[in-house]
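Please look over the chain below before reading on. The report that follows goes through its fold, its middle helix, its aromatic rings, its surface patch and a few single residues.

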Amino acid sequence: MTQPQLPPPSYPNPRYQTPPGAYSAPVGGYGAPAGAYQAPQPAAPRSALLGVIAFVAALVAAAVMPILAGIAGYQIGVALPTVTSDINTATSDLAFLSPVRDQVLMGEIGFWVGTLAGLAAIVLGIIAIVKRQGRVWGIIALILGVIGPVIFFTVLSVMLASGASAGFVSQHS
């Protein structure tokens with residue numbers, strides 16, 4: 001007994017039937033997609049102006065105003081040994097600082113301008129980071145805006161103490 005000769009396999013196999021409910025492939029195969037694939041275009045670069053503005057505000061808060069306060073603090077310190085003799089312990093007023101009122105005003109203006117510039121630097125720095133408009137500048141501005149008060153009071157304290165010691169030495173020599 002010889003086995004029946006099967007025809008050579010052709011595609012699709014005539015003996016294979018797709019199961020009911022299955023998806024069948026089109027006869028000629030799948031066609032090319034309707035539109036050609038294109039890689040997404042990179043977003044247009046955004047201006048870094050916002051980050052730069054935040055950085056400039058931070059620079060004012062963390063460098064310019066501490067220098068101004070340091071100059072004022074030194075001048076106040078130099079005058080302190082001579083004005084301490086005018087302190088009235090019966091009252092708690094600051095009238096003894098009247099000889100250095102200009103320097104006190106300069107230090108106070110430095111404090112308030114530095115505070116406003118530091119807050120602006122923090123806010124603008126956060127916005128620049130989030131919007132990716134000068135992100136690196138925004139990060140630097142945020143860091144400087146946060147450490148600005150530390151720099152301000154450190155410089156003021158050191159210069160006030162230096163001025164006071166210089167004033168004490170010049171008064172007693």
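A residue is called buried here when its relative accessible area is under 20%, exposed when that value is over 50%, and partly exposed in between, with a 1.4 Å probe and protein chains only. By this definition F153, at 41% relative accessibility, counts as partly exposed. The model is predicted, so that local features need pLDDT of at least 70 and side-chain atom pairs count only at pLDDT 80 or more, while totals for chains, interfaces and linings use all residues. Residues are numbered from 1 along each chain as its sequence is written, and side-chain values use heavy atoms, with hydrogens and water left out.

**Overall fold**

The chain holds three helices and zero strands, where helices (H or I, at least four residues) and strands (E, at least two) are DSSP runs numbered from the N terminus. Read along the sequence, this gives the pattern α-α-α. Of the 173 residues of the chain, 23% count as buried. The chain exposes about 12600 Å², of which carbon and sulfur atoms supply 69%; accessible areas come from the Shrake-Rupley method with a 1.4 Å probe, and for residues only the protein chains shown count as cover. Contact means heavy atoms within 4.5 Å, and among contacts between residues at least 6 apart in sequence, 81% join residues at least 24 apart.

**Helix 2 and the residue after it**

Helix 2 covers residues 101-131, and its 31 residues should span 45 Å at 1.5 Å a residue, which agrees with the 44 Å between its end C-alpha atoms; the expected span is 1.5 Å times one less than the number of residues. Which residues of helix 2 are buried? They are G107, G110, G114, A117, G118, A121, G125, A128 and I129, and the buried residues of this helix pack against helix 1 and helix 3.

Just after helix 2, R132 takes a positive phi of about 55 degrees, although R132 is not a glycine. Most residues other than glycine have a negative phi. R132 lies in the loop between helix 2 and helix 3 and is exposed, with a relative accessible area of 55%.

**Aromatic pairs**

The structure holds five aromatic pairs. Rings of Phe, Tyr and Trp (its six-membered ring) pair if their centres lie within 6.5 Å; planes under 30 degrees apart count as stacked, over 60 as edge-to-face and the rest as tilted. Two of the pairs involve F111, as the table shows.

| Pair | Centre to centre | Angle between planes | Class |
|---|---|---|---|
| F111 and W112 | 4.8 Å | 75 degrees | edge-to-face |
| F111 and F153 | 5.9 Å | 50 degrees | tilted |

F111 counts as partly exposed at 28% relative accessibility, and W112 counts as partly exposed at 49%. Ring pairs link F111, W112, F152 and F153 into a cluster.

M65 has its place in helix 1 and counts as buried at 9% relative accessibility. Leaving aside its neighbours within four places in sequence, M65 is in contact with V60, G110, V113, G114 and F152. From C-alpha to C-alpha, M65 and G107 are 8.6 Å apart in space, while they are 42 residues apart in sequence.

G167, found in helix 3, is buried with a relative accessible area of 3%. Its contacts, again leaving aside neighbours within four places in sequence, are with V78 and P81. The C-alpha atoms of G167 and V78 are 4.1 Å apart, although the two residues are 89 apart in sequence.

**A nonpolar surface patch**

On the surface, V52, V56, V136, W137 and I140 form a nonpolar patch with about 400 Å² of accessible area together. Patches are made of residues with over 30% relative accessible area and no salt bridge, with like charges joined within 9 Å and nonpolar side chains (Val, Leu, Ile, Met, Phe, Trp, Tyr) within 5 Å; a salt bridge is a side-chain nitrogen of Lys or Arg within 4 Å of a carboxyl oxygen of Asp or Glu. The elements that give two or more residues to the nonpolar patch are helix 1 (49-83) and helix 3 (135-171), and the largest share, three residues, comes from helix 3. V136 lies in helix 3 and counts as exposed at 57% relative accessibility.
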